[in-house]
Amino acid sequence: MYNQTPFTLKNLAKCSLVLRQFARNSASMQETSQKITDYIYQHFYDSDRSQNSCVLVRLFKTHPYGELDDSLQASARSLMHNNFPPYEMKCWTLLASAGKEPQCNYVDEAPNIVIPLVNEELVAQMPPISERILQLGLDIPTVLGIADEKMLKMEPKLLNIFYIPSAQNSQFIAEQNSLIIPYQLKSVLGIGGLLPSGSLFMVEILFNIEIPLNLAEKLNVLAVAVKTALLPFDGEVVFNNSPNTPIVMANNKIVPREILEASQLIGLSHVLDFYQDEMLRHASRLQSIIGKLKEKVEERHKQAL
């Protein structure tokens, strides 16, 4: 269990290690995603109330319409008056979820499991999605695959958070009546970034406790672990029932295996940088404490004389 008050460096290291290893013995990105959401839901804990600190954990990914299975394509078309969109149109797609109630868990017939991202104008008019894109440090054209060159430059380094400190009455959280109010949810945190294929991924955690900004920023390091777990399946086997397809980008260029490996190495470099910075901060705090203790000892020694 990982208690959020405080979420220690040891917790971060252990959680990151577990998440990174979920790709092993998994047959698809969706299977890995389900392991990730299950683990976070089961292990994030509020010791003050002796219960889980999150009500729902979801993992989303943008995915080309033409690479969805028939049922998911039908779900997308149902939101487009049954019009047939272009093959490459990106869809905001739920890959996995885990939660308190049975309906919180992944079911491929669930409503809004696939949301078509038709064009820039319509996405901009959907605050729950457009705000997630913007807070991750992206823009809508990049996520829709319109700005491929920009995406290629951003992908290796872009990992960020979507953070809503107070979820109730927020225009960026759509499920006010079905989730936020009934379960008295406090804060929402999303961690994510880009995959080499150009897909955006995000793990979204709905908390029943308030999450301060400094903790939200600290938990961002878990995005590296999630990305590392998803990388082996990027553009290949995404869904549990997917055929094994080649790694293809929006412009139909094959993504070389070297790019995936380089992305993985960059991700691990981010992790090392984070822990190095944390160790330096801890060392600085320790030196400060030692200095103050020395001053107290010297003061007492003087008083004794």
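**Reading a predicted chain, feature by feature**

Modeller: Buried residues make up 48% of the 305 residues in this chain. Keep in mind that the model is predicted.

Colleague: How many helices and strands does the chain have?

Modeller: The chain holds 11 helices and nine strands. Its accessible surface is about 15,300 Å². Carbon and sulfur atoms account for 54% of that surface.

Colleague: What share of the contacts with a separation of 6 or more joins residues 24 or more positions apart?

Modeller: That share is 66%.

Colleague: What is the average pLDDT of the chain?

Modeller: Read pLDDT as the predictor's confidence in each residue. The chain averages 82, and 78% of the residues score at least 70. Over residues 245–254, however, the pLDDT is below 50. That stretch still has 24 contacts in the model beyond near neighbours in sequence.

Colleague: Now helix packing. At what angle do helix 2 and helix 10 cross?

Modeller: Take the two axes and look at distance and angle. Helix 2 covers residues 29–43 and helix 10 covers residues 222–230. Their axes come within 9 Å and cross at roughly 150°. An angle over 145 degrees counts as roughly antiparallel, so helix 2 and helix 10 are roughly antiparallel to each other. The crossing is right-handed.

Colleague: Which residues of helix 2 and helix 10 meet?

Modeller: Start with the general idea. An α-helix has 3.6 residues a turn, so residues three or four places apart point the same way. Now the case here. Helix 2 brings M29, T32, S33 and I36. Helix 10 meets them with V226, A229 and L230.

Colleague: Helix 1 also meets helix 10. Is helix 1 roughly parallel or antiparallel to helix 10?

Modeller: Apply the angle again. Helix 1 spans residues 9–20, and its axis comes within 8 Å of the helix 10 axis. The two cross at roughly 15°. Helix 1 is therefore roughly parallel to helix 10. On the helix 1 side, the contact is made by L12, C15, S16, L19 and R20. On the helix 10 side, L222, A225, V226, T228 and A229 take part. This crossing, too, is right-handed.

Colleague: Where is S50, and is S50 buried or exposed?

Modeller: S50 is not a glycine, yet its phi is about 55°. S50 sits in the loop between strand 2 (44–46) and strand 3 (51–52). Its relative accessibility is 52%, so S50 counts as exposed.

Colleague: What phi does N169 have?

Modeller: N169 is not a glycine either, and its phi is positive, about 70°. N169 lies in the loop between strand 7 (159–164) and helix 8 (176–180). With a relative accessible area of 67%, N169 is exposed.

Colleague: And L200: which residues does L200 touch?

Modeller: Look past the sequence neighbours. L200 belongs to strand 9 (residues 200–207). Its relative accessibility is 0%, so L200 counts as buried. Leaving out residues up to four places away, its contacts include F60, W92, L136, V143 and L194. I133 is another one of them. L200 and I133 are 67 residues apart in sequence, but 8.7 Å apart in space, C-alpha to C-alpha.

Methods
Residues numbered from 1 in each chain as written. Predicted model: local features only at pLDDT ≥ 70, side-chain atom pairs only at ≥ 80, totals over all residues. Heavy atoms only, no water. Helix = DSSP H or I, 4+ residues; strand = E, 2+ residues; numbered from the N terminus. Buried < 20%, exposed > 50% of the residue type's maximum accessible area, 1.4 Å probe, protein only. Contact = heavy atoms within 4.5 Å. Areas by Shrake-Rupley, 256 points an atom, 1.4 Å probe, with all protein chains shown as cover. pLDDT = per-residue confidence, 0-100. Axes fitted to C-alpha atoms, helices over the stretch in contact; angles between N-to-C directions. Parallel < 35°, antiparallel > 145°, perpendicular 65-115°, else oblique. Left-handed = near helix turned anticlockwise from the far one by under 90°.
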